[in-house]
Amino acid sequence: MNHSSVNPITEDDIAHFLANTPGFFERHAEVLASVTISSPHGQRAVSLQERQAEMLREKIKGLEFRIMDMVRHGHENTAITHKIHQWSRELLAVQDASLLPQAVEQGIHQLFDVPQVALRLWDVAGEHAQAPFAQGASEDVRSFASSLTMPFCGPNLGFEATAWLEQAGELQSLALLPLRRGAIDSADEPAFGLLVLGSPDPQRFQATMGTDFLARIAELASAALSRLL
């Protein structure tokens with residue numbers, strides 16, 4: 001017999017055999033007890049059972065961290081939902097429609113701790129055409145707002161609309177929210193306004209952040225402000 005033609009047993013062969021022969025270690029318990037491997041916490045050798053226990057402890061610790069994160073995010077989401085509910089109640093209570101832009105800005109500033117907030121509307125009804133909130137939106141801004149189908153979040157890149165904020169020079173991050181009838185992603189519905197949120201914190205509004213709550217804020221503000229059209 002030519003032994004050179006026999007393929008050597010590989011680690012994959014051994015792993016396959018052990019995975020498909022669950023009774024092996026029952027019949028050869030002394031082999032399992034004698035196996036030692038290096039511990040990740042130093043150079044000492046530990047038994048296979050001890051190493052498995054360490055792996056389980058690490059896995060449990062990782063799951064505990066994930067659960068803590070989920071609980072924390074749950075509390076944060078509940079708090080934000082409560083604030084949105086309170087803000088909605090306040091907007092519904094405004095009887096004079098001309099005061100709604102101020103109510104929108106103040107509510108976002110106070111309830112959501114946004115340092116700077118401003119908005120502009122266009123194509124409003126005649127009695128509101130000369131109001132401050134109906135001034136200063138160029139055609140470029142209007143086209144840009146209509147092109148947005150979700151909130152824009154990111155660094156201050158010199159957007160024209162940031163000039164509406166009192167301290168635009170301090171901005172490091174911002175969110176731009178289109179105001180339109182219906183859902184924020186209704187691309188066939190042109191925007192009638194733009195809401196600008198600004199912060200000196202570069203991490204407050206990041207390009208990778210979730211925008212679900214910002215989208216709901218934009219839709220609620222749009223619904224309230226549509227009374228001015």
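Helices here are DSSP runs of H or I with at least four residues, and strands are E runs of at least two. By that count, the chain of this predicted model holds seven helices and six strands. Starting at the N terminus, the order is α-α-α-β-β-α-α-β-α-β-β-β-α.

**Overall figures**

The chain has 229 residues, and 33% of them count as buried. Its accessible surface is about 14300 Å². Carbon and sulfur atoms own 55% of that surface. Take the contacts in the chain with a separation of 6 or more: 59% of them join residues 24 or more positions apart.

**The nonpolar cores**

In soluble globular proteins, nonpolar side chains tend to be buried together. In this model, the largest nonpolar core has 35 residues. W87, V104, I108, L121, L195, L197 and L225 touch the most other members. Several elements each supply at least two residues of this core: α4, α5, β3, β5, β6 and α7. The largest giver is α7, with seven residues. A further core of 15 residues lies apart from this one, and its members include W122, V141, A161 and V196.

| Element | Residues |
|---|---|
| α4 | 48-92 |
| α5 | 100-111 |
| β5 | 173-179 |
| β6 | 193-199 |
| α7 | 212-225 |

I108 is one of the core residues that touch the most other members. Leaving aside residues up to four places away in sequence, I108 touches W87, D113, V114, V117, L195, L197 and I217.

**Q116, a buried polar side chain**

Q116 sits in strand β3, which spans residues 116-121. Is Q116 buried or exposed? Its relative accessible area is 8%, and the cut-off for buried is under 20%, so Q116 is buried. The side chain of Q116 reaches the backbone oxygen of Q167 at 2.8 Å. Beyond residues up to four places away in sequence, Q116 touches L165, E166, Q167, A168, E170, L171, V196, L197 and G198.

**The largest pocket**

The largest pocket has a volume of about 410 Å³. It is lined by 15 residues. Which of them are closest to its centre? They are I80, R204, M209, F213 and L214. Helices α4 and α7 each supply at least two residues of the lining. Here α7 gives the most, with four residues.

How values were computed
Residues are numbered from 1 along each chain as its sequence is written. This is a predicted model: local features need pLDDT of at least 70, side-chain atom pairs count only at pLDDT 80 or more; totals for chains, interfaces and linings use all residues. Side-chain values use heavy atoms; hydrogens and water are left out. Buried means under 20% relative accessible area, exposed over 50%, partly exposed in between (1.4 Å probe, protein chains only). Contact means heavy atoms within 4.5 Å. Accessible areas come from the Shrake-Rupley method with a 1.4 Å probe; for residues, only the protein chains shown count as cover. A polar contact is a pair of N or O atoms within 3.5 Å; within protein, one must be able to donate a hydrogen and the other to accept it, and residues adjacent in sequence count only if both atoms are side-chain atoms. A nonpolar core is a set of buried Ala, Val, Leu, Ile, Met, Phe, Trp, Tyr and Cys residues joined through side-chain atoms within 4.5 Å. On a 1 Å grid over the protein atoms alone, a cavity is a set of points where a 1.4 Å probe fits but cannot get out, and a pocket is an open set with protein on both sides within 12 Å along at least five of seven lines; lining residues have an atom within 4 Å of a point. Grid points are joined across faces, edges and corners, and a volume is the space filled by probe spheres set on the points.
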